[in-house]
Amino acid sequence: MTETTAERFRAAVEKRDLSALEVLFTEDIRLYSPVKFRPFQGRPMVLGLFGVLLRVFEDLRYVGHFDGATETSADGTPAPASVLPFRATVDGKEIHGIDMLHFDESGRIKEFTVMVRPQSAVHTLGQAVLTGLQADGLA
């Protein structure tokens, strides 16, 4: 049985393997964050963001997997999608969230949406990510 892109993504994140993530993303990937109005755009920027996220998230673990289809934010076209619910801790606050992955016709991730709760965790995550982006020269 062939591993799906969502399964490969999950394994790469859990192993904190950025090089494994790189081949899963389209060159023009867009990542919609719960802490920024405009998306992060392009593989280099999204990989940089993941470098920060993998440092910021403590005990990140995926707790489910749902497959389906949904419209993309970029152009409204239907696309295959997977939703991966997760739990993590950031600066002592427990976060519940989902990663929604939208795939292109070749199965690579072209759009990525992250949703997080509760509001206090969103704020904590936003501050930690901003600090990390600034430290890495990405913001």
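I began with Pro-39, which touches Arg-30, Leu-31 and Tyr-32 when residues up to four places away in sequence are not counted; contact here means heavy atoms within 4.5 Å. The model is a predicted one, in which local features need pLDDT of at least 70 and side-chain atom pairs count only at pLDDT 80 or more, while totals for chains, interfaces and linings use all residues. Residues are numbered from 1 along each chain as its sequence is written, and side-chain values use heavy atoms, with hydrogens and water left out.

**Entry: Pro-39**

I placed Pro-39 in the loop between β1 and β2 (40-41), where helices (H or I, at least four residues) and strands (E, at least two) are DSSP runs numbered from the N terminus. Is Pro-39 buried or exposed? I found Pro-39 buried, because its relative accessible area is 14% and buried means under 20%, exposed over 50% and partly exposed in between, with a 1.4 Å probe and protein chains only. I also looked up Leu-60, which is 21 residues from Pro-39 in sequence and 22 Å from it in space, C-alpha to C-alpha.

**Entry: the nonpolar core**

I next turned to the largest nonpolar core, which has 38 residues, and the ones with the most contacts inside it include Phe-9, Phe-25, Phe-50 and Ile-109. Such a core is a set of buried Ala, Val, Leu, Ile, Met, Phe, Trp, Tyr and Cys residues joined through side-chain atoms within 4.5 Å. Which element gives the most to this core? I noted that α3 does, with eight residues. For Phe-9, leaving aside neighbours within four places in sequence, I listed contacts that include Leu-21, Phe-50, Asp-99 and Phe-112.

**Entry: the cavity**

A cavity is a set of points, on a 1 Å grid over the protein atoms alone, where a 1.4 Å probe fits but cannot get out, and its lining residues have an atom within 4 Å of a point. Of the 20 lining residues, the closest to the centre are Leu-53, Phe-57, Asp-99, Phe-112 and Val-114. I recorded α3 as giving the most to this lining, with four residues.

**Entry: the strands**

I followed β5 into β6 and found them antiparallel and joined by 10 bridges, where two strands pair if DSSP finds at least two bridges between them. Pro-85 has Ile-98 of β6 as its bridge partner, and Ile-98 is in turn the bridge partner of Met-115 in β7. β6 and β7 also pair in the antiparallel sense, over eight bridges. In the turn of the β5 and β6 hairpin, which has two residues between the strands, Asp-91 has a positive phi of about 50°.

**Entry: backbone exceptions**

I kept in mind that most residues other than glycine have a negative phi, and most peptide bonds are trans. A cis peptide bond joins Arg-117 and Pro-118, with omega about -5°, and Pro-118 lies in the loop between β7 and α4. Arg-16, in the loop between α1 and α2 (18-22), has a positive phi of about 60° although it is not a glycine. Asp-59, in strand β3, has a positive phi near 45°, and at 45% relative accessibility Asp-59 counts as partly exposed.

Technical notes: 1 Å grid on protein atoms, 1.4 Å probe; cavity = no way out; pocket = protein on both sides within 12 Å on 5 of 7 lines; lining within 4 Å.
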